[in-house]
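Student: I have a structure to go through and I'm new to it. Can we take it piece by piece?

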Amino acid sequence: METIDSYAYESCMRGISPGFKAAVAAGALLFCIGANHLWISITVLLTMSAVTVWFGGLPLIKYLKLLKIPLGFLILGTVAIVIEFSARPFGYVLFHWLGYYVCVSKIGGVIALKLVLKAIAALSAMYMLVLSTPASEVIGVLKHLRVPKLFIELMHMIYRFIFVMTGTQRLMKQAAVSRLGYNDFRTSCRSFGSSAGNLFVVSLKKASTYYDAMVARCYDGELLFLTEEKKVARWQIIAALCYFTVLLLIFLLVP
Amino acid sequence: MSKKEKSIMKLATAFAMAFGIIPSAYAMHIMEGYLPSGYCIAWGAICVPFLAAGFFSIKKSLRENRKSITILAMSGAFIFVISSLKIPSVTGSCSHMTGTGLGAILFGPSAVSILGIIVLIFQAILLAHGGLTTLGANTFSMAIAGPFVSFGIYKLCRSLKVNKLVSVFLAAMLGDLFTYCVTSIQLAFAYPSEVGGVGASAIKFLSVFAPTQLPLAIIEGILTAVIIMALETYALPELKSMGFSKEVG
């Protein structure tokens, strides 16, 4: 399984403090959604993408592919917002069917454009964080925000177990395919179900092995990880402040 | 072509594009940035009591048996992996289960609320399905509403002496359908229709997502039943130790 944070390990921005990156991403995200302003969305989209591609060193093609992931939802959701059904015509009438008019209202297009840009801009802000920060460091940021210890611990373990299980699953699928599983719809359902069931059994066994291993290393209800200290440089703070001032100015000055 | 025909062509093309380019039908995660700020906060706040209940129930079971922490974590990872796998589908597009119905039947709805929100965070930051600002809304529909309905239907069917696999199928399918309805209503509240208000908007969202979500719900039901069948064959002792299926065996 190709996860987004596999790119984060190769990012040139890995050396920057995860807390700082999270703060900038969260700030841009909140600006986007709170302001709901066309030019802020465009600015955030362009700047955040530029940061990820230039400073992070992610190839542009890969970045665009990642931006495409929620496309299906975006198109369907926006179609549902823009198209209206009504008993009497208004706006631009597309066609008349069974006594109903299917229309697009005059401001519908503008609203849709603003919404699509806002969503993609918000996505680019989130990507700036997750394409430069491995998930374990994101969890570290949550820990600093005083999220309950139990929650953090579960997150750390689930993150690790996801990869353990994906590996096991891949082997099982290979075995099933080489024995004519996943051949048509019926066998696919059977292979999928039995390999998922088997995966669950294997994972329960592994869970108890992992617990024994943790207890053997003095686990008493708290997982401690060695985290790298990454300091925030003064120029980074100044750059971030300038960035948010520009966003604020756009919000106040551009109609 | 007359003007009317032209506009019909335009609409038809738009529809064909909308259904043609959908790369994969995930369960309905509302994408990052799609909800206005007020709704993000409101849905997050609605989730808090359920999450708190889940948190305390997990804490209690950990106090009784510290060892269940790795089992819980494995279960969370299981839900994530199951929901990230391509599932067999009739239409040929690749689609995915939610896996939360299965989780609710196996571990109970309150534990699934906590596991569900963690899975949703990872889906957002590892797979870009859903988002951080829409986490509250997605948690409510996928980790709270769906699992609670699944669990309720499963218990109801069992007490009515319905066949076990049929109850699992119904629970998972209806839980999935309920998730889809809740998400549509969440979107409708945020974007009410200009002519018909929230109700008309909900119908629009329901009908737009129906072609991907209805088959998905049925497949989710079938697969959950097959998984439970496999588990009962291979893992009855483990299931019993977790409190599942006291009436079996």
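Student: Where is Asn36(A) found?

Tutor: Asn36(A) sits in the loop between helix H2 (18-35) and H3 of chain A. Helices (H or I, at least four residues) and strands (E, at least two) are DSSP runs, numbered from the N terminus. This is a predicted model, where local features need pLDDT of at least 70, side-chain atom pairs count only at pLDDT 80 or more, and totals for chains, interfaces and linings use all residues. Residues are numbered from 1 along each chain as its sequence is written, while chains are lettered from A and ligands numbered from 1 in the order in which they are written.

Student: What is the phi of Asn36(A)?

Tutor: Asn36(A) has a positive phi of about 50°, although it is not a glycine. Most residues other than glycine have a negative phi.

Student: Is Asn36(A) exposed, partly exposed or buried, and why?

Tutor: Asn36(A) is partly exposed, because 15 other C-beta atoms lie within 10 Å. A residue is buried if 20 or more other C-beta atoms lie within 10 Å of its own, exposed if 12 or fewer, and partly exposed in between, with C-beta atoms placed from the backbone.

Student: Now chain B. What about phi of Lys161(B)?

Tutor: Lys161(B) is a residue other than glycine, and its phi is positive, near 60°. Lys161(B) is in the loop between H6 and H7 of chain B. With 8 other C-beta atoms within 10 Å, Lys161(B) is exposed.

Student: Back to chain A. Where does Val232(A) lie?

Tutor: Val232(A) lies in the loop between helix H9 (185-216) and helix H10 (234-253) of chain A. Val232(A) counts as partly exposed, because it has 14 C-beta neighbours inside 10 Å.

Student: And which residues is Val232(A) in contact with?

Tutor: Leaving aside neighbours within four places in sequence, Val232(A) is in contact with Ser17(A), Phe20(A) and Ile237(A). Two residues are in contact if their C-beta atoms, placed from the backbone, lie within 7 Å. Also, Val232(A) and Ile16(A) are 216 residues apart in sequence, but their C-alpha atoms are 6.9 Å apart in space.

Student: How is chain A divided into domains?

Tutor: Domain 1 of chain A is 1-133 + 229-255, and domain 2 is 148-224. These bounds come from an automatic or database domain assignment. The C-alpha centres of domain 1 and domain 2 of chain A lie 34 Å apart.

Student: Where in chain A is confidence lowest, and where is it highest?

Tutor: The lowest is strand E2 (residues 92-97) of chain A, at a mean of 70, and the highest is helix H3 (residues 38-55) of chain A, at 94. For chain A the mean pLDDT is 87, and 98% of the residues reach 70 or more. pLDDT is the predictor's confidence in each residue, from 0 to 100.

Student: Chain B again. How many helices and strands has chain B?

Tutor: Chain B has nine helices and two strands. Along the sequence they follow the pattern α-β-α-α-β-α-α-α-α-α-α. Of the 249 residues of chain B, 56% count as buried.

Student: Which residues of H4(B) are buried?

Tutor: The buried ones are Thr100(B), Gly101(B), Leu102(B), Gly103(B), Ala104(B), Ile105(B), Leu106(B) and Phe107(B). That makes eight of the eight residues of helix H4 (residues 100-107) of chain B, so this helix is mostly covered. The buried residues of H4(B) pack against H3, H5, helix H6 (135-159), helix H7 (164-190) and H8 of chain B. Just after H4(B), Gly108(B) takes a positive phi of about 90°.

Student: What about H5(B), how many residues are buried?

Tutor: In H5(B), 19 of the 19 residues are buried, so H5(B) is largely enclosed by the rest of the structure. For H3(B) the count is 16 of the 17 residues, so H3(B) is also largely enclosed by the rest of the structure.

Student: Last topic: how many residues does the contact take from chain B and from chain A?

Tutor: The contact takes 66 residues from chain B and 70 residues from chain A. H8(B) gives the largest share of the side of chain B that touches chain A, 13 residues. The residues on that side of chain B divide into 49 nonpolar, nine polar and eight charged. Here Ala, Val, Leu, Ile, Met, Phe, Trp, Tyr, Cys and Pro count as nonpolar, Asp, Glu, Lys and Arg as charged, and the others, Gly among them, as polar.
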